[in-house]
Amino acid sequence: MVQRDDFIERLSKKGYTKHDAAVIMDDFIRTLEEALVEGESVMFRGFGTFEVRERVAREAVAPRTKERIVIPAYRSPHFTAGKLLKREIKEGLIRD
């Protein structure tokens, strides 16, 4: 699993300083979060789409008590991979 520091290290090997790579990544994530909180979808052609989906309230059974409970409606982030990303993963391609 690639974690934040590993990702920054990989970006730094592409010509960025580690500090610049960290700032860029943090700003990218913060901007993506802001757009999603505002209810907007974010699409990167070929890579995929980030969006917020509304989950409806539903009934469930609590495993321990076997009591019926209501799970309230909520919003959840969702990512759909784009065609190019799917193809590259399937075929093992790497773009420059």
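Here is a walk across the surface of this protein, from its charged and nonpolar patches to its salt bridges. Keep in mind that the model is predicted.

Let's start with the acidic side of things. Glu33, Glu34, Glu38 and Glu40 come together as a patch of negative charge on the surface. Glu33 sits in helix H2, and with a relative accessible area of 47% it is partly exposed. Glu40 belongs to the loop that runs between helix H2 (18-37) and strand E1 (42-44); its relative accessible area is 42%, so Glu40 also falls in the partly exposed class. Glu33 also gives us a handy distance to another part of the chain: its C-alpha atom is 9.7 Å from that of Phe50, a residue 17 positions away along the chain.

Next comes a patch of another kind. Phe28, Ile29, Phe44, Phe47 and Phe79 make a nonpolar surface patch of about 400 Å². Take Phe47 as one of its members: you'll find Phe47 in the loop between E1 and strand E2 (48-55). Its relative accessibility is 36%, so Phe47 counts as partly exposed.

Now for the charge pairs. Searching the whole structure turns up seven salt bridges. One of them joins Arg75 to Glu54, with 3.6 Å from N to O. Arg75 lies in strand E5 (residues 74-81) and Glu54 in strand E2, so this pair ties together parts that are 21 residues apart in sequence. As for solvent, Arg75 is partly exposed at 44% relative accessibility, while Glu54, with a relative accessible area of 59%, is exposed.

Another salt bridge pairs Arg53 with Glu51, and here the closest N and O atoms are 3.1 Å apart. Both partners are partly exposed: Arg53 has 37% relative accessibility, and Glu51 has a relative accessible area of 21%. The latter value sits just on the partly exposed side, because buried means under 20%.

Then there's Glu59 with Arg68, a salt bridge whose closest N and O atoms are 3.3 Å apart. Glu59 is exposed, at 52% relative accessible area, and Arg68 is exposed too, with 57% relative accessibility.

To finish, have a look at Arg4, Asp5 and Asp26, which are linked in a network of salt bridges.

Key
Residues are numbered from 1 along each chain as its sequence is written. This is a predicted model: local features need pLDDT of at least 70, side-chain atom pairs count only at pLDDT 80 or more; totals for chains, interfaces and linings use all residues. Side-chain values use heavy atoms; hydrogens and water are left out. Patches are made of residues with over 30% relative accessible area and no salt bridge: like charges are joined within 9 Å, nonpolar side chains (Val, Leu, Ile, Met, Phe, Trp, Tyr) within 5 Å. Accessible areas come from the Shrake-Rupley method with a 1.4 Å probe; for residues, only the protein chains shown count as cover. A salt bridge is a side-chain nitrogen of Lys or Arg within 4 Å of a carboxyl oxygen of Asp or Glu. Lys and Arg count as positive and Asp and Glu as negative; His and the chain ends are not counted. The place of a charge is taken as NZ of Lys, CZ of Arg, CG of Asp or CD of Glu. Helices (H or I, at least four residues) and strands (E, at least two) are DSSP runs, numbered from the N terminus. Buried means under 20% relative accessible area, exposed over 50%, partly exposed in between (1.4 Å probe, protein chains only).
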